[in-house]
Each structure stands twice: as structure tokens, then as C-alpha cells.
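Me: I would like to go through this model with you, one part at a time. Could we settle the terms as we go?

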Amino acid sequence: MRLDIVHPQVDEYLKRVLPPTPSVLREMEEEGNRRDFPIIGPLCGRLLAILALAVRARRVFEMGSGFGYSALWLAQAVGPRGTVILTEGSLENAETAKRYFTKAGLGGRARIYAGDAFEAFEREKGAFDFIFVDIEKRDYVEAYRRARARIRPGGILAFDNMLRDGRVAGVEQDPGTEGVRELTRLLYADERLETMIVPLRDGVSVSIARS
């Protein structure tokens, strides 16, 4: 089962009324289209950036960065003293991300790991203001367990693809869909978090850590 989470006409309208997207991000969107590579797109990108601004995020960690599209949105929000730590299993994608950050003049705000996201996360010490997760969905529960302990009070934890093209509402039992369902249960049951799943694009969960 595949469902349009937002009606296509509404989705097109929301994109049409957005302020102009910075040129490097537009270039990345074009690359995503050419490669049929999934990126969060300008609506979710702007949402993440606004959330990062709202909590004055300076230290951001991404589990699963692709070629850096969502990370570049976040890098714009953290300011010149902020850092976004990218993780990507593909060396080629990691190099592409580095190239785009350099082109955008934000290379100084990025630290890029090519390899396993969990290993990179454990190498980094201390708390984070914002953690965004977009790795294999079967690994979402483990990502939650690791990330939850490292979000500072008042910080944001967000997960992408929380609606799985509508499959979460059906009977599918593949590991990815089951991972998202279990994560959803854990997020809403966690009294240390205030959580909402935003039905934008393919769904993004937003959790703020209680003080």
C-alpha cells in the first residue's frame, strides 16, 4: 500500500509559496531528482532549520546524511559557531556532501564521517542540541536508544520517514515498517519527551527533551 500523505495539489502549493531556496540547495535537489536519490525536500528542510533555530542549536548530529541535503539546511541554522556532524556509509556521497558544503561557504560548520553512523556517534562525546536520524528503518529503535541519552534538555530529536508511504497504517510487517511502528510507540511512551509526528512529505517525528 502506498498513500499520498499530503494531496499532490496541496504539496505543490506548499512548495510554490516557499521563499526562494538557496542556489546550492536547489542544485542538490536537481541532483536528487537526476539520481532518484531520496532527500527530505525543501518543506522538511525548512522545518528542520526552523526547529534548530527555535532551540538555538549549535551542536547537531545526523545519523544518515546522504550527500548532505538535510545537513546543509541545518548548517544554515546553527550559525557560524555551530557544527553539524554528518555520517554517511558511502564514501562517494560523503565526498559529494563535502563539495556542496564548500560551495555553499559552510565547510567550516561541517564534520563528515564516512562509515557507520553508530560508530561515529560513539566517537563523539557529550550532549547534542539536535539529532536527526535517517538511516535504515530497521535500526530506528537502536538509534532512539543511543540518541535519547545524548539530547540535552530542551533539545530536539527527529526521525524521517515515520509514515513509510502509508505502510505503517496497513498490515505490512517488513523489518523497516515494524521498526518505525516500534519507534513510534517508544517515542510517545517516553515521559522524558514531548513528541509529535508531522504528516509532511513521508512524515517526520519531532521530539523535544523535557527539562
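Reply: Buried means under 20% relative accessible area, exposed means over 50%, and partly exposed lies in between (1.4 Å probe, protein chains only). Helices (H or I, at least four residues) and strands (E, at least two) are DSSP runs, numbered from the N terminus. This is a predicted model, in which local features need pLDDT of at least 70, side-chain atom pairs count only at pLDDT 80 or more, and totals for chains, interfaces and linings use all residues. Residues are numbered from 1 along each chain as its sequence is written, and side-chain values use heavy atoms, with hydrogens and water left out.

Me: Which residues of α4 are buried?
Reply: They are Y69, S70, A71, L72, W73, L74, A75, A77 and V78. Because nine of the 10 residues of helix α4 (residues 69–78) are buried, the helix is largely enclosed by the rest of the structure.

Me: What do the buried residues of α4 pack against?
Reply: Their partners are the helices α2, α3 (41–54) and α5 (91–103), together with the strands β1 (59–63), β2 (83–88) and β4 (128–133). Contact here means heavy atoms within 4.5 Å.

Me: And what follows α4?
Reply: G79 does, with a positive phi near 80°.

Me: Let us turn to β2. How many of its residues are buried?
Reply: Five of the six, so β2 is mostly covered.

Me: In which sense do β1 and β2 pair?
Reply: They pair in the parallel sense, over three bridges; two strands pair if DSSP finds at least two bridges between them. V84 in β2 is the bridge partner of V60. The chain passes from β1 through α4 to β2 in a right-handed β-α-β crossover. Right-handed means that, with the strands pointing away from the viewer, the path from the first strand over the helix to the second runs clockwise.

Me: How many bridges join β2 to β3?
Reply: Five, and β2 and strand β3 (residues 110–114) run parallel. I85 stands opposite R111 in β3. From β2 the chain crosses through α5 to β3, and this β-α-β crossover is right-handed.

Me: New topic: what is the volume of the second largest pocket?
Reply: About 560 Å³. On a 1 Å grid over the protein atoms alone, a pocket is an open set of points with protein on both sides within 12 Å along at least five of seven lines, and lining residues have an atom within 4 Å of a point. Grid points are joined across faces, edges and corners, and the volume is the space filled by probe spheres set on the points.

Me: Which residues lie nearest its centre?
Reply: G64, S65, E88, D134 and I135, out of 26 lining residues. The elements giving two or more residues to that lining are α4, β2 and α6 (117–123).

Me: Is E31 buried or exposed?
Reply: E31 counts as buried, because its relative accessibility is 8%. E31 is in helix α2 (residues 23–35). Apart from neighbours within four places in sequence, E31 is in contact with F67, T96, R99 and Y100.

Me: Where is N161 found, and what is its phi?
Reply: N161 is in the loop between β5 (151–160) and α8 (175–189). Its phi is positive, about 60°, although N161 is not a glycine. At 13% relative accessibility, N161 counts as buried.

Me: And where is R201?
Reply: R201 is in the loop between β6 (193–198) and β7 (204–209). R201, a residue other than glycine, has a positive phi near 55°. With a relative accessible area of 28%, R201 is partly exposed.

How values were computed. On a 1 Å grid over the protein atoms alone, a cavity is a set of points where a 1.4 Å probe fits but cannot get out, and a pocket is an open set with protein on both sides within 12 Å along at least five of seven lines; lining residues have an atom within 4 Å of a point.
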